[in-house]
Amino acid sequence: MVVGDISTGTELLVIGAGPGGYVAAIRAAQKGVDTTLVERDAYGGTCLNHGCIPSKAYITVTDLAHRAGHAEEMGIHADPVVDMAGMREWKDGVVDQLTGGVEKLCKANGVNLVEGTARFDGPNRVRVAHGGEGQGSESIEFEHCIVATGSRPIEIPNFSYDDLPVLSSRDALALDSVPERMVVVGAGYIGMELSTVFAKLGTDVTVVEMLDDALPGYEDDVARVVRKRAEELGVEFHFGEGAADWRDGNDGGIVVATETEGGERSEYDADVVLVAVGRAPVSDTLDLDAAGVETDEKGFIPTDDQCRTNVDSIFAVGDVAGEPMLAHVGSKEGIVAAEVVAGEPAALDYQAVPAAVFTDPEIGTVGMTEDEAEEAGFTPVVGQMPFNASGRALTTGHTTGFVRVVADEETGFVLGGQIVGPEASELVAELALAVEMGATLEDVAATIHTHPTLAEATMEACENALGQAIHTLNR
Amino acid sequence: MVVGDISTGTELLVIGAGPGGYVAAIRAAQKGVDTTLVERDAYGGTCLNHGCIPSKAYITVTDLAHRAGHAEEMGIHADPVVDMAGMREWKDGVVDQLTGGVEKLCKANGVNLVEGTARFDGPNRVRVAHGGEGQGSESIEFEHCIVATGSRPIEIPNFSYDDLPVLSSRDALALDSVPERMVVVGAGYIGMELSTVFAKLGTDVTVVEMLDDALPGYEDDVARVVRKRAEELGVEFHFGEGAADWRDGNDGGIVVATETEGGERSEYDADVVLVAVGRAPVSDTLDLDAAGVETDEKGFIPTDDQCRTNVDSIFAVGDVAGEPMLAHVGSKEGIVAAEVVAGEPAALDYQAVPAAVFTDPEIGTVGMTEDEAEEAGFTPVVGQMPFNASGRALTTGHTTGFVRVVADEETGFVLGGQIVGPEASELVAELALAVEMGATLEDVAATIHTHPTLAEATMEACENALGQAIHTLNR
Amino acid sequence: DAEEHAPDARVFAPPSVRRLARELGVDLATVDGSGPGGRITEGDVRATAEGAAEASEDEE
Ligand SMILES: Cc1cc2nc3c(=O)[nH]c(=O)nc-3n(C[C@H](O)[C@H](O)[C@H](O)COP(=O)(O)OP(=O)(O)OC[C@H]3O[C@@H](n4cnc5c(N)ncnc54)[C@H](O)[C@@H]3O)c2cc1C
Ligand SMILES: Cc1cc2nc3c(=O)[nH]c(=O)nc-3n(C[C@H](O)[C@H](O)[C@H](O)COP(=O)(O)OP(=O)(O)OC[C@H]3O[C@@H](n4cnc5c(N)ncnc54)[C@H](O)[C@@H]3O)c2cc1C
């Protein structure tokens, strides 16, 4: 035992204070469980410090400035300038307020907070190394443990985040000036959100993506709306190309080289290259073997519907437990794991996970697509309402996109929905409730929706599926 | 019979093409009913031409310009100027697109359109005078009739809309320059929405209201958020004062005089005075007596839960049928009346009517307040989530307000909600569905809500009512 | 009995269930809800309708 080592015990140990871990810790403490939360870095994890929150803050600022600068049609004359330092400072203030809030909420609910890096030391014990050398460590015994160590950006060959011009999403959100030219590797949601931010700031953005459209995983007609708008904003797309390597250019910038599957190379001049090709679990630094916890070949920790790993007393939640890697899924898992630890009959029994992409326009999806419904054995009926027929959309000046709802023809049950357009991230909440409640098309259609709102489009999409929409023609 | 008179017959005659009438006509035609729609002015009625839509268009423009001009904290430097003519033109374009859409949708669904002013000529016949003198008239026999003639702004003594400086909401939405000083009589939702618009345009706005707070009918803590923000925008409020009269001032403007109940007079300098004290039914120009249709003492047409008047074959929907005078209520009534005419077992059996006020910030309400729930015999439990603890709200820069949810303690059924804050008009849709579905607090709380969204606050308010919110302290 | 029903004669049932009740001539106030909190489901309404039909058959 090293000097300064102390040993304590706790009923529940939570490792990692991201949206998976801190929510688990608070809920467990609310249920009367003696709970300790270990975090090595900052409260709120990736989400609050380097992910969801900073990206959305930048999206707000750049969108507001861009909109105001392009609203002559509406009678607004303005020439807004975004000062990167000011934007960053504001964003930092937002982050500080939220991370401070998380710490306060943990304390107010009676969670014991420990700062340091945890590693397993057996199936019922971790060792927590306190930050910095010579800061000592402590040993904590637990009855139950929830692993919520999250994920980190994947590095690709020849693009090391240690090199200055190679940026992770985290680096991109911490830049102190606007790059003139940026290559973005990967057109997933993080790549697309940040491409939009920088395009609106005036950066020349070139996106390279191995697959053949932006936002792989989303339906073609949904992704197309966002890609087209990005193109309007000046973003250049190159599909079917993977990033190969980069070198210094002659103009003080860099040259990023890509390769197609067939080996064809292309080169793009840039000042920085943002790599956003996915995230890998933080499970390799935990000595999981010491506890006997198994991972899959990618390093994710498999869990059951109570978020339990192969070791009975150890749970895993959030990104480290695998797809979908979303903050709200991590929080849901955290709540379930905490309640199971508290002896309640909780389980992950949700019908559908909503997800949003905060591009211009936004995407919001929940539950099944038409294809998925068919594969699941339903006879899907689909209803759609374009925003260009929505009074509210017209009055906001945002008229691209649509609401689509997917239902089972026989019973009318709403199975899912895909929204692309203004406030899609918010609008999807109603459809998520519909799916969870087992609501039918008629239930949503019969619910009075405020005029004029974008949410009326959800009602109209349901009416359309029933063959009786008012504001769009029925098929 | 005058020259040019023709006589036709129709299964269903709808009088008035506002959101009550045109929706009724389309739905009836969809159900196979031979339907004729008479409109004397413009398709879409008050709502599309002089109400909901133009006001929301102005709110978008003035809000965008104002926000961009006041976002230094976020790092945006801009000095936006709104050119009133440009704004009006854009708004007119939006209105034209929507009214054109209504006409097209009516035709596409097979509704016969007739232009002119209808008057009853018996219990089964109207006479329609075509616009302009000598344009002739026609007589239309009907089996069923839906009266959807809407409402007009109430005039108060000494303030005639015929006088140039005295504006109705319609006049205010058609101004071609920004008035320097405006007195607004009435702090209801129309007065508050327009006060906000003009305050953001730079007008000195003074609001006089007989009652003792803005937005009578809304709970104090809800109204207060909006009033305070209006005050920040420079709006001056004088409560407990009624408009008495006005006269020309010395400076080319006018002087508006008010009086308290006790007879104390005050005077306010202005250039125009906007009177927004409520709306009266358009039922006096219809010769309702000829059809035997009764009205109440205010002129509204009483109806049952199938929207039927005292005359079996005649229905009334929308503003002319009384409170709540809202476009979406009119549309709902229009649908029910049309379906009843088509022989379906439809009825107005909704649990709750959502309503929105598009002030800064917005208000969205649905169902019961805590007091109303108590009066109805429930034991209400209330949950609340302030937006200043919402990650999404912080990233949008809009952190005032809250989501409140009201439920029945015993069963957990959600009875209503009050939202004041960003996108409140949209957020209320989820709660409206919850109320209609008979969802419980747990149903809403267990539904995964996308992070980071404002809608999470609805989930948190439900958790708070259950004593287990994560992001706010529980009572 | 009346005391078991929500105050203000309020019944808790989704819109589609309310419409079904009208179609089948079922008074929702007489239906015992089997859902959470006593929420009335489609099945509850159909069962009540069938029960009423059987009862009237028995009378014949
Ligand atoms: C740019 C970007 C934008 C995003 N936008 C969204 C979005 O809009 N919506 C959304 O849902 N998701 C978004 N995400 C994803 C989201 O951030 C993650 O899904 C979420 O953070 C996962 O939460 P978590 O609790 O599992 O892990 P994390 O948030 O990664 O937190 C894990 C925590 O564990 C700590 N930790 C790790 N190992 C140890 C150890 N050994 N000892 C102690 N502490 C340890 C880490 O320091 C970290 O604080 C975004 C991600 C990025 C990068
Ligand atoms: C400034 C303002 C803002 C508003 N904002 C909102 C809002 O945000 N949300 C909301 O829900 N409500 C809003 N309203 C209220 C909304 O406009 C009304 O509730 C709605 O228009 C009522 O619809 P209606 O179909 O009953 O009548 P109307 O829309 O008034 O339509 C009646 C139609 O009947 C026609 N008509 C009348 N008499 C005859 C006749 N004898 N023969 C032929 N045609 C006739 C008229 O020309 C008119 O077109 C607002 C109102 C105003 C003034």
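**Helix packing and a chain interface**

Analyst: In this predicted model, the axes of helix H1 (residues 21-30) of chain B and helix H9 (residues 327-341) of chain B come within 8 Å and cross at roughly 30°. Two packed helices are described by the angle between their axes and the distance between the axes.

User: In which hand does H1(B) pass H9(B), and which residues make the contact?

Analyst: The crossing of H1(B) over H9(B) is right-handed. From H1(B), the contact is made by B:Val23, B:Ala24, B:Arg27 and B:Ala28, and from H9(B) by B:Ser331, B:Gly334, B:Ile335, B:Ala338 and B:Glu339. Sorted by class, five residues of this contact are nonpolar, two are polar and two are charged.

User: How much area is buried between chain A and chain C?

Analyst: The size of an interface is often given as the accessible area lost when the parts come together. Between chain A and chain C about 400 Å² is buried, and carbon and sulfur atoms give 54% of that area. On the side of chain A, A:Met437, A:Glu442 and A:Asp443 lose the most area to chain C, together 82% of what that side buries.

User: Which residues form the salt bridge, and which helix gives the largest share of the side of chain A?

Analyst: There is one salt bridge between chain A and chain C. C:Arg19 pairs with A:Glu442, with the closest N and O atoms 3.8 Å apart. Helix H13 (residues 441-446) of chain A provides the largest share of the side of chain A that touches chain C, three residues. By class, that side has two nonpolar, two polar and two charged residues.

Terms used
Residues are numbered from 1 along each chain as its sequence is written. Chains are lettered from A and ligands numbered from 1 in the order in which they are written. This is a predicted model: local features need pLDDT of at least 70, side-chain atom pairs count only at pLDDT 80 or more; totals for chains, interfaces and linings use all residues. Side-chain values use heavy atoms; hydrogens and water are left out. Axes are lines fitted to C-alpha atoms, for helices over the stretch in contact, and angles run from 0 to 180 degrees between N-to-C directions. Helices (H or I, at least four residues) and strands (E, at least two) are DSSP runs, numbered from the N terminus. A crossing is left-handed if the near helix is turned anticlockwise from the far one by less than a right angle, and right-handed if clockwise. Contact means heavy atoms within 4.5 Å. Ala, Val, Leu, Ile, Met, Phe, Trp, Tyr, Cys and Pro count as nonpolar, Asp, Glu, Lys and Arg as charged, and the others, Gly among them, as polar. Buried area is the accessible area (1.4 Å probe) that two parts lose on being put together, summed over both. A salt bridge is a side-chain nitrogen of Lys or Arg within 4 Å of a carboxyl oxygen of Asp or Glu.
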